[in-house]
Every structure is written in structure tokens, then in C-alpha cells.
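Good morning, everyone, and thank you for letting me take a few minutes of the meeting.

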Amino acid sequence: MKCPVCGYIFKSGNVCPDCGTDIVLYNKTRVISDRLYNAGLKCANERDLTGAIENLKKSVMVNKFNTKARNLLGLVYYEKGLVADALREWVMSSNLNKQDKTAAGYLEQLQKNARELEKMNDALRLYNLAIQYMGQHSEDLALIQLKKAISYNPKLVDAYNLAALCNMAGGNNSAAEPFVKRVLYLDKKNPTALRYLQEITPGSKVGAAGAASSSDDSAASRRKKRISYKESNSGIIGRQQLISFAGGVICAAAVLFALVFPTMLESRSKTINELRTTLESYESYNGGDGSASYDEVLSENASLKEEIEKYKSSLTLQTKIGNVNKAYALMANGEYKEAALLIKDIDISDMSDDDIEIYDAVRAATFATAAEDLFSEGKMYYLAGNYDDAESALTDCLSMITDEDYVSDVLYYLGKTAEAQGKTATALSYYERVVSEYPSSSQATNAQNSINSLNASLSSSQNTD
């Protein structure tokens, strides 16, 4: 055995022959730590991630040098979507035992995919934003953020639980149930999910058997998805192509934004200014000194008009291309809403394939996020009584929206905004779209009630007249 104080290795006895340290207590704590590690490993293999975390945290608390337990704790944290906690454990393990290359191997794997790290960070940002919305009793806005967070990090258990709570708060238990079952698939004995399941289905048996009854949690899929510490070197991390610390994509975008785009935009601006100067020169042309014949003047004017139209067309095209490049620069700088607003009305029919490719890249990367931000802004403007800004934000949102899940919400709030502005016909048109196009949405009943109320008011007004 090895003395924990001086590192001297000896075969037997409870006292170190070199420094005289009594190692009885050390041996007991090591045994207890190993037992807790084994219990945690068993829980992890059974997909009881909550139980695994509890046991493994106790294991490293009793013996902080138990790097096996610490490495496995990191893997379990990652499986729950808690990447920051996983990184913390692996970094600590690597520093405590430099001979054990397991944690160092995990960290090395994490340096190969910066985009995944960015997505994980975005998921946490959206999750925190959803918590803020929940505090403001805006469950619909919170749910939008949570769905986006889950798309970025499908293992973020806390996001599924909060999404279930959002639906339950709105009285929509049927919509909450899939989120709860997904949590119980990822973490078989998650106490929060089990409590929600009992709330949704009061007669159900809550526990391990109840969790296992989920259709997603078959025995075969559990064996396929289980965490095995023995296979961890090539398991979860290798298969999932984890994230990286490097932030290479972010750095590349920053360099691109700082060095390349200013040159591109300056060139575009120069071309546009030259075209505008030429156009103004043609438009100010008055036909010469008056000595030319009438036919010659007509012919020359026709030629000048043709030139003017050509330059106008070229100027319009260059302006559009310049806006696309500006939008790309804004996107690279993380200003998604500004980028989307800059290109949303651009006609790309006369643009080159290369410019259309840039346009498509900006549109794909920014429209969904911009629509969500504009919906949040529009609703806040409406609630604050700023109806003009609410109408503008919600209209822009409707033109960019890519997620059908909340189109009915946007239409409903456009209707409420129009109603507040006194635009009854416009309000009715929005409400009728909700009822006819999204009859099963959560806003369909509200829209129908608003229609009935407006029609009753119109009828009463006509009777009075």
C-alpha cells in the first residue's frame, strides 16, 4: 500500500515505516469511497442518474483523490446535459492524478468541436431566460425559449422539467406529459419528473416501475444507452462528438468580422457611390446646347433613359448585395435580429448564386432566433400599451417565423394590438385566422371569445344608431 502523506510504498501494517503516519482511518475512508463509487456505477448503468450523482458526490467527498468516482461523476453530469459541471470534475481529476490519463483524454476530446460548445452555452442562456419569463408569469414565452434550448442540448434534463412545468401552469397536462416521460427516460428516478408525473396522472404508480413503463424506456434501449465506466474512454464522448473549449468558430467569426468584412463593405460602398454619381449626372443632363435637331434630341433622350435604367438596376443590385454582406457581418457578430431585419424584404431573383448562398446562410442562421426575439418584444410592447411598436415587431415576427408552434400566438397578439388601436376589421381578420388555421392551438378559444365580443359590440353599436 501507499502512504497518503509521504508516498512511501509498503506491504503490510497500519503505520507507515517511513514517516510514522497511522493509515487506518485513510484505509477506512478509501473503502467507503469505493463502495459509494460502486453504488454510483450501478445507478448509472440503470440510468438512475440522480442516484448516481448522489452516491458519487459522497464518494469524492469522503476521498477527494478517488479519480475513478470523479471521472464517472463527470460522465453522469454530461449525460444530464450539465456540461459545465462535467468539465469541472474532469479538470479537478486531471490535476489530482496526473498519471491517470482518463480525464485528460476526455478534455482532449472536448477540444475538437467548438460549435457544440457554443450550442450548449446557448441552451443554458435560453434556459436562464425561460426562468426569467416564468418569474414574470409569461409561460408561453418561457416555453418557446425552452424548446429552443432543448434543440441545442437534447440532454438538458432541467429544461424538460421546466417545459413540463410551463405546460402544467397553463393547464395543459397532456402537453406536459411527453416532457416528463423524456426526463424519466434520461434519468429514471428524477424526483422532480416523478412528482410531475403523479400530478399529471394522479392514479399512476410513481417510482421505478412507473418510470420504466414509459414507452421510450424499454430494456433494450436502456442497455444501448447505459453509461459504463469501463467503456467511457470510447463511449459517450466518442460517439456524441462532444464540445470544445477552444471557441475556434467564435474566434474565426471575430477575425472575419474585424478584417475581411470592412474591406468588402468599403468596396461595395465605393461602387454604389460611383453608380449614384453617374446616375445623378445622367439625370441632370439637359440635351446639350439646343442646336441639335428634334429627332436627334429624342433619340439621345431615349438612349440616356436606357442608360439611366441600366444604372438604376445596377445600383439597386449593388445595394442589395451590400445589405446581404452587412447582414452576414452582423450575424458573425451575434446580432441575429438586426441581420434578419436587413434582408427580410430583399428580392434575390437577380442576384448571383454566390450572393444567394450568403443570403440563404444568413436567413437560415438568423430568422428563427430573430422571430422569437421579435415576438417577445411585440408582446412586451403590447402589455406596456405601446401598440405601434407592438404591431411593427409582431408583423416582422410573422414574416420570419419558422416554428409553427407559436404562429397562433403571434396572430392572436396582432389581433389584440389591432383591437387596441381601434382597427376592428383588422383585429377580426387575425382572430379568424387563428380559429380557422390553428383550431387546436391554445389561443383558438381566446380568439373565438374576442370575435364574439367584437361582433356583439358592433351589433350593439348598429342598434343604437
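Predicted model: local features only at pLDDT ≥ 70, side-chain atom pairs only at ≥ 80, totals over all residues.

Let me begin with leucine 49, which is found in helix H2, the helix that covers residues 49-62.

Most residues other than glycine have a negative phi. Arginine 47, however, is not a glycine and has a positive phi of about 60°. Its place is in the loop between helix H1, residues 24-45, and H2, and with a relative accessible area of 1% arginine 47 is buried.

Histidine 137 also has a positive phi, near 60°, and is likewise a residue other than glycine. You can find histidine 137 in the loop between helix H6, residues 114-135, and helix H7, residues 139-152. Is histidine 137 buried or exposed? Its relative accessibility is 65%, and because exposed means over 50%, histidine 137 counts as exposed.

Now I would like to turn to how helices pack. Two packed helices are described by the angle between their axes and the distance between the axes.

For helix H9, residues 173-186, and helix H10, residues 191-200, the axes come within 9 Å and cross at roughly 150°. An angle over 145 degrees counts as roughly antiparallel, and so H9 and H10 are described in that way. Their crossing is left-handed. Among the residues that meet are Val180, Val183 and Leu184 from H9, and Leu194, Leu197 and Ile200 from H10. By class, this contact of H9 with H10 has nine nonpolar, one polar and two charged residues.

The next pair involves helix H17, residues 353-383, which packs with helix H16, residues 336-343, at an angle of about 110° and with the axes 7 Å apart. Angles from 65 to 115 degrees count as roughly perpendicular, and therefore that is the description for H16 and H17. H16 passes H17 in a left-handed crossing. On the H16 side the contact includes Tyr336, Leu341 and Ile343, while the H17 side includes Tyr359, Phe367 and Leu374. The contact of H16 with H17 has eleven nonpolar, two polar and four charged residues.

H17 also packs with helix H18, residues 387-400, at about 155°, with their axes 8 Å apart, and H17 and H18 are therefore roughly antiparallel to each other. This crossing is left-handed as well. Among the residues in contact are Phe367, Leu374 and Phe375 in H17, and Leu394 and Cys397 in H18. The residues of this contact divide into 13 nonpolar, one polar and three charged.

In soluble globular proteins, nonpolar side chains tend to be buried together. Here the largest nonpolar core has 100 residues, and those that touch the most other members are Val76, Trp90, Leu146, Val180, Phe375, Tyr406 and Val410. H17 gives the most to this core, with nine residues. Finally, leaving aside neighbours within four places in sequence, valine 410 is in contact with Phe375, Leu394, Cys397, Leu398 and Ile401.

Key:
Residues numbered from 1 in each chain as written. Heavy atoms only, no water. Axes fitted to C-alpha atoms, helices over the stretch in contact; angles between N-to-C directions. Helix = DSSP H or I, 4+ residues; strand = E, 2+ residues; numbered from the N terminus. Parallel < 35°, antiparallel > 145°, perpendicular 65-115°, else oblique. Left-handed = near helix turned anticlockwise from the far one by under 90°. Contact = heavy atoms within 4.5 Å. Nonpolar A, V, L, I, M, F, W, Y, C, P; charged D, E, K, R; others polar. Core = buried A, V, L, I, M, F, W, Y, C linked by side-chain atoms within 4.5 Å. Buried < 20%, exposed > 50% of the residue type's maximum accessible area, 1.4 Å probe, protein only.
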